[in-house]
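Here are some notes for a colleague who is opening this structure for the first time. Please read them with the sequence and the model side by side.

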Amino acid sequence: MSTPYPFAAVVGMSELRLALLLNAVSPQVGGVLVRGEKGTAKSTAVRALATLLPALDVVPGCRFSCDPVAPDPACPDGPHDRAGASARPARMVELPVGASEDRLVGALDIERALAEGVKAFEPGLLADAHRGVLYVDEVNLLHDHLVDLLLDAAAMGSSYVEREGVSVRHAARFLLVGTMNPEEGELRPQLLDRFGLTVEVAASREPDERVEVVRRRLAYDADPAGFAARWAAEEEALRARIVAARALLPSVVLGDGPLRQIAATCAAFEVDGMRADIVMARTATALAAWSGRTAVLAEDVRQAALLALPHRRRRNPFDAPGLDEQKLAETLREFGPDDDDPDPDGGPGGGSPAGGEASDDQWRGRDRTDAGPRGDTTSQPASDPASQAASDPESQAASGEEPQAAGGRAARGAERTGAAEPHPPGEGAPSETDAQPATPAEPFRTKPLTVPGVGEGAAGRRSRARTTTGRTTGAQRPHNGPKGKLHLAATVHAAAPHQRARGRHGRGLVIRRDDLREAVREGRESNLVLFLVDASGSMAARQRMSAVKGAVLSLLLDAYQRRDKVGLITFRGREAELTLPPTSSVDAAAARLKQLPTGGRTPLAAGLLKAHDVLRIERMRDPARRPLLVTVTDGRATGGPEPLLRARGAARLLAAEGVASVVVDCESGPVRLGLAAELAADLGAGPAVTLDGLRADAVTALVHEARRAA
């Protein structure tokens, strides 16, 4: 087994480390969602937490890690009457994105159940994670049916496995930790709300901190065991502090004042439901215990809000998570303790942590740098030598960034995103069509767009497909052993004629592997929705482009809800541009769309040929994912010889390869040429759809009906 990277050696990321440590102190906080760009050590920090968790007492031989003090009465390995106890390290179980349902919840041997009448159950990852940590890397890419199972287990604290009338239940209470890169797509709102805390991480822009990251990583890679040994004292101090905080937690008092601040904060930020209030209360209590206090302070409430509310503030998928800290400060001030409160710290245990340790500002890591055991510079709090030694790992686990670093990062972030200073008059100012991109109109609910036929792509919510979930449509003999769910009726039907020849005695059936039949199921798949948007001068009228952007934004929202991959091609001037390569991040597509300029000629043929090239490459990358091309244009084509004929030829090329298409006709005004309808015919897309026809409440025919007719 490889030596894990020490938690205390992680550089920076103070909020992430604090959130993980608070969950270690109080698992009832509800887990952590870590959002950040690739290569920011998200997974390293999460995996490092496992070595800090205290050991567990379990019932010997129980595969479900029952607590000897209060064993699960429904445990499949029970009953555990007068069971002994054995200690083992806490587990961190990783759920792969591509895991099967049986791997997650466990598998029942239906063959033995039919033949012998016994419940032969093989526990899954949920059983392994009970009383531990369940970690999902790239949690936003997890299949919907696995997300549903996680939601059920997290809500009920138990897992139910049912196969053709045979059921098993076991306890499944775990700390859920997920990491994700927002560029690869957002998380379903239901699962997002299940994470108690959320943290945004980004690579430091400070050279000194980056140097220290590289130095420590190289040292670890060269000698993992030796590197871990150099940090062993810091790790043990953190472990001891977690144990002490857990012991103190039941004694922490959440007074009426802080509780009122929590309720007022959640109400002020208009979060849905009451889960946010409960999570904030548990987080603030854990913060107090972590700092060695028995009373919750206003600063605990503020920090709890910064960790528990940002991901609950989103109103639609295109909203970035975040919190208005000025509004938060005003709310806490308004509902804070009165000036004449004789004990603003909330009674016994208020003020600085017990034992002479650092103040709240110091233990949270403000204005401090990371420390290393080899003479790295560290600002230590003024205290006695024993307390100072104990607080050194604290600085490793809760260090913060200098205020200048955040400002520098914001400035450099503006450079990376292409933000530019306004052009002075007469100095290379952009043309009128490019100066201010049109603001998208308000999104609306769209009619369903589907790909005809039955596919076999990744599970989703758009087009019909043969999947591992969904309604049962038949049975088949499995190839190379059963892979899907057993079709009980078909299996019994196959085995019944052979019972006498097989010498059946008693009630059980004599089942052979050749008798097994697996269910054929039909559900929905996700598709690649490739948007081809006309951004030429013919679309440049402000109101018209605003309506077009609003329609595409509505389709993007629909793609998000149906778990599709999306891509964006725009054409204007002399060429077409792949504005956004196919991705699961609908947010990125929406951001590119909002900044889309207009003007110039209409190279429609170039746009169609670019779409052909993109789809050809994606077909090689993911053959099972079927594409849907959505072309948003008025059908005009200009530039070069015979532009309209070349555009129609490119459209026929796409149609010949069987690409499912929808044409959204943006033409407006009293005089209409009907070119978009001709383009739709060449693409084999059926009737073109107007902008108004996209609306779900319109009376026009559904687009997918036209696709079936085609």
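1. A residue is called buried when its relative accessible area is under 20%, exposed when that area is over 50%, and partly exposed in between, with a 1.4 Å probe and protein chains only. Helices (H or I, at least four residues) and strands (E, at least two) are DSSP runs, numbered from the N terminus.

2. This is a predicted model, in which local features need pLDDT of at least 70 and side-chain atom pairs count only at pLDDT 80 or more, while totals for chains, interfaces and linings use all residues. Residues are numbered from 1 along each chain as its sequence is written, and side-chain values use heavy atoms, with hydrogens and water left out.

3. The protein chain has 25 helices and 20 strands, and buried residues make up 49% of its 710 residues.

4. Helix α2 (residues 42–49) is mostly covered, with 6 of its 8 residues buried, namely Lys42, Ser43, Ala45, Val46, Ala48 and Leu49. These buried residues pack against helix α1 (14–25) and against the strands β1 (32–36), β4 (92–94), β7 (133–137), β10 (175–180) and β11 (197–201), where contact means heavy atoms within 4.5 Å.

5. The axes of helix α11 (residues 256–268) and helix α13 (residues 298–308), which are lines fitted to C-alpha atoms over the stretch in contact, with angles running from 0 to 180 degrees between N-to-C directions, come within 9 Å and cross at roughly 30 degrees. The contact is made by Pro258, Gln261, Ile262 and Thr265 of α11 together with Ala298, Val301 and Ala305 of α13.
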